[in-house]
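Please keep the model open while reading.

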Amino acid sequence: MRKILFILIFIFLGNLWAKEQCLRYGIIPYASAIKIEKSYQKWKSFLENKTDRCIDINIKSSYNDIIEMFKKDKLDFAFVGPFSYILTKQHAKVEPIVTGVTSDGHATYKSLLTVTKKVAKELDIDTTLKGEKGMAALKQKLEAHKKKWSIAFTDESSTSGYAVPSYYMKKVQLAPLKYFKNNAFAGTHDAAQLVVAHDIIPLAFSAQMLYNQMLQNNKITKEQNIVIWESDPIPKSPIIVKSDLSNNIKQKLQKALIDLPKDYFPELGKTIGYLKTNKENYMIIENIHNFLKR
């Protein structure tokens, strides 16, 4: 009898301990911390209920902070950019389990270069340039304006705010230090749009969905922030998990995220849900990473 009682107490305490071990979730700084925290309230409650684990949300100040926390085993799962995922897996064993999907069914987005009305006029660009050919055309237009303007990237670990535009620029030999007066990092995608809107830095790269969201929220206008270049489609940001998390927790997380009600989804452009994904879907980003290293 004592043995049975001991086993029951052990199981109870084990379950209680498991519930108390919060899953540590990291979020990239795609917007202000207050806005992110507010938009994740329903998301957090739903996942806690479905996984039977509390969730500790960590909003970090940069992409590199997320990478460092995985390296130090201080995160269990995180929302990261595609390029950040590739950088993280250089230092820690992680894997993607879901990616965002928009209302039109797309699981891709684009990198955008937005500029002030004055810059667009001086460059004589009234139609959005696209992909590698578009970047080559932009280079030609910049020839007469070398070192005239400063340009902002988002973060050195950002996919759409740094890696992808750097890839296209390198492909056409458009060296930022040669063509621009200064190169800066805005820190977040909304900050990149705001420096253009307020003519602090007249050119900036950022993510398509944040640009659209800021238009919808009337924080910028198409007349203030003119898109003069866009990349080819990029796989959307994944949620990655530590590979050594138990399969049970991984499966519960993945299912909960896929089953998440649309109105519980954190506000981020037109993204309304998650789709199952895997590492193969991010090979294009790994190829970009390898190209930039060369």
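**Aromatic rings and their contacts**

Lys 171 lies over the face of Phe 291, at 5.7 Å from the ring centre. A charge is taken to sit over a ring if NZ of Lys or CZ of Arg is within 6 Å of the ring centre and within 35 degrees of the ring normal. Lys 146 is likewise placed over the face of Tyr 179, at 5.0 Å from the centre of that ring.

The model is predicted: local features need pLDDT of at least 70 and side-chain atom pairs count only at pLDDT 80 or more, while totals for chains, interfaces and linings use all residues. Residues are numbered from 1 along each chain as its sequence is written, and side-chain values use heavy atoms, with hydrogens and water left out.

The structure holds 16 aromatic pairs; rings of Phe, Tyr and Trp (its six-membered ring) pair if their centres lie within 6.5 Å, and planes under 30 degrees apart count as stacked, over 60 as edge-to-face and the rest as tilted. Tyr 25 and Tyr 40 form a tilted pair, 5.7 Å centre to centre with 50° between the planes. Tyr 25 lies in strand β1 (residues 23-27) and Tyr 40 in the loop between α2 (33-39) and α3 (41-51), so this pair ties together parts that are 15 residues apart in sequence. Helices (H or I, at least four residues) and strands (E, at least two) are DSSP runs, numbered from the N terminus. Both Tyr 25 and Tyr 40 are buried, meaning under 20% relative accessible area, with exposed over 50% and partly exposed in between (1.4 Å probe, protein chains only).

Phe 153 and Tyr 162 form an edge-to-face pair, 5.4 Å centre to centre with 80° between the planes. Phe 153 is buried, with a relative accessible area of 4%, whereas Tyr 162 is partly exposed, at 27%. Ring pairs link Phe 153, Tyr 162, Tyr 167, Tyr 168, Phe 185, Phe 205, Trp 229 and Phe 291 into a cluster.
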